[in-house]
Amino acid sequence: MNYRHAFHAGNFADVFKHALLTRLLVYLTRKDSPLRYVDTHAGVGAYDLSGPEAERTGEWRAGIGRVLAASPSPQVAGLLQPFLDIVRESFPDEGPRRYPGSPLLAKRLLRRGDRLMLCELHPQDVRKLEVEVGRDRRVTIEARDGYAALNAFVPPPERRGLVLIDPPFEQRDEFSHMLNALLKAHRKWNTGVYALWYPLKDPAGAGWFCDSVVKAGVRRVLRVEFEVSAYDPAGPMSGCGMLIVNPTHGIEAEARLLLPELARLLAVGQGGWKVEELAGE
Ligand SMILES: C[S@@+](CC[C@H](N)C(=O)[O-])C[C@H]1O[C@@H](n2cnc3c(N)ncnc32)[C@H](O)[C@@H]1O
C-alpha cells in the first residue's frame, strides 16, 4: 500500500475520470427515485494542492490547472460545468487550493435520499476521508478491501446506482481483481452502472480486461480512452481509460464531445481519444 493519490490529485487522469463520473451522476440524479453510489477505492475525499505531495509532482497544473484556465466551447463548457462548479468551490484565487476526489464529487451531486458507500484500505486515508465526508448521514465509510466489500453491497436496496472501481494499480494482477469483482457483482446486480478506471501503462492488460468482460457475457459495455501523449512503455503514464457497464443514456455522445476538447487542452505530446461500444443490448 505505497500508492498515495495526493501526488496525482487533479492530474489529467483525474480530470478524465471525474468529468465522466460527474456526467454519469448528473444523469442518474435526474430521476426522482433514490440511488446508491459505491466507491470501492475512495481515497481521502479532497486533496490539498498546496501540500508537499502535490507540490512535488505539480501534476495538477497540467491537469485541472489547465482546464480551469481554458475557455472550452460552450457545448463542452456546459458538460463540464457541474464538475468545475464543485472544483471552483475549493479553488480560491488566493489561499490553499483543494481538489475534490470522487467521494466529495458524489456527495455534492447526490440528493437527500441517496446513499454513499465508501471503502478505503489505508488507515491514514480512512481517517482523512471520515473528516472530509464522513459527517453526513448519507455516507457510510468502511475500512476494508473494496473488492470484497462490493460483493456485500450489491444489489443495493434502491436497485439504482453507480459503482466506481478506481484501484491504484500497484499490483500486477489488478486487472484480474477488477474483472473478478465486476463479474461477481454483475451476476448479483446486472442493472447497476459500473465505471472502472484503468491506466494505459499496459495496453495488452487493458485489452485483455475489456475483452474478458465482454467474453463473460456482460452486455452494454462502453470503452472510453484518453491519451495526452504517445504510449512509451518506459515513460510515465500517457493515458487512461474507463470501462462503463450499463452506460447512462447520452454518455457516449457526451464523451465524444468532451474527449477531443480535453485531449486538446491536456495533451503534452500526441494526444488522442477513443469511444467504443464493445457490447450492445
Ligand atoms: C486511485 S486512488 C482513489 C482515488 C479516488 N477514487 C478519487 O477519484 O478521488 C486509490 C485508493 O485506493 C486505496 N486502496 C488500495 N487498495 C485498496 C483496496 N483493496 N480496497 C480499498 N481501497 C484500496 C488506496 O489507499 C488509494 O487511496
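**Cavity**

I joined grid points across faces, edges and corners, and took a volume as the space filled by probe spheres set on the points. This is a predicted model, in which local features need pLDDT of at least 70 and side-chain atom pairs pLDDT 80 or more, while totals for chains, interfaces and linings use all residues. Residues are numbered from 1 along each chain as its sequence is written, and side-chain values use heavy atoms, with hydrogens and water left out.

The largest cavity holds about 40 Å³. I listed its lining as Arg23, Val26, Tyr27, Arg30, Thr248, His249, Gly250, Ile251 and Glu254. Helix H1 (12–28) and helix H10 (251–266) each give at least two residues to that lining. H1 has the largest share, with 3 residues. I took helices (H or I, at least four residues) and strands (E, at least two) as DSSP runs, numbered from the N terminus. By class, the lining has 3 nonpolar, 3 polar and 3 charged residues. Here Ala, Val, Leu, Ile, Met, Phe, Trp, Tyr, Cys and Pro are nonpolar, Asp, Glu, Lys and Arg are charged, and the others, Gly among them, are polar.

**Second largest pocket**

I turned to open space next. A pocket is an open set with protein on both sides within 12 Å along at least five of seven lines. The second largest pocket has a volume of about 320 Å³. Its lining has 17 residues, and Ala6, Val44, Tyr47, Glu53 and Lys128 are the closest to its centre. Strand S2 (46–48), H2 and helix H6 (123–133) each give two or more residues to this lining. H6 gives the largest share, 5 residues. I sorted the lining into 7 nonpolar, 3 polar and 7 charged residues.

**Ligand**

I found 21 residues around the ligand, the closest being His18, His41, Glu120, Asp145 and Asp166. To be included, a residue needs a heavy atom within 4 Å. The shell has 5 nonpolar, 9 polar and 7 charged residues.

I then checked polar contacts (pairs of N or O atoms within 3.5 Å). Glu120 has a polar side-chain atom 2.6 Å from a ligand oxygen. For Asp125, the distance from a polar side-chain atom to a ligand oxygen is 3.4 Å. Asp166 places a side-chain N or O atom 2.7 Å from a ligand nitrogen. The protein covers 95% of the 610 Å² of accessible area that the ligand has on its own. I used Shrake-Rupley areas with a 1.4 Å probe.

**Aromatic pairs**

I counted 9 aromatic pairs. Ring centres of Phe, Tyr and Trp (its six-membered ring) must lie within 6.5 Å; planes under 30 degrees apart are stacked, over 60 edge-to-face and the rest tilted. Trp60 and Phe91 are edge-to-face, at 5.8 Å centre to centre and 70° between the planes. Trp60 lies in the loop between helix H2 (52–57) and helix H3 (64–69), and Phe91 in the loop between helix H4 (74–89) and strand S3 (98–100), so this pair ties together parts 31 residues apart in sequence.

**Backbone**

I checked the peptide bond from Val154 to Pro155: it is cis, with omega near -5°. Pro155 sits in the loop between helix H7 (146–153) and strand S6 (161–165). Arg159 is also in the loop between H7 and S6. Arg159 has a positive phi of about 65°, although it is not a glycine.

Terms used. On a 1 Å grid over the protein atoms alone, a cavity is a set of points where a 1.4 Å probe fits but cannot get out, and a pocket is an open set with protein on both sides within 12 Å along at least five of seven lines; lining residues have an atom within 4 Å of a point. A polar contact is a pair of N or O atoms within 3.5 Å; within protein, one must be able to donate a hydrogen and the other to accept it, and residues adjacent in sequence count only if both atoms are side-chain atoms.
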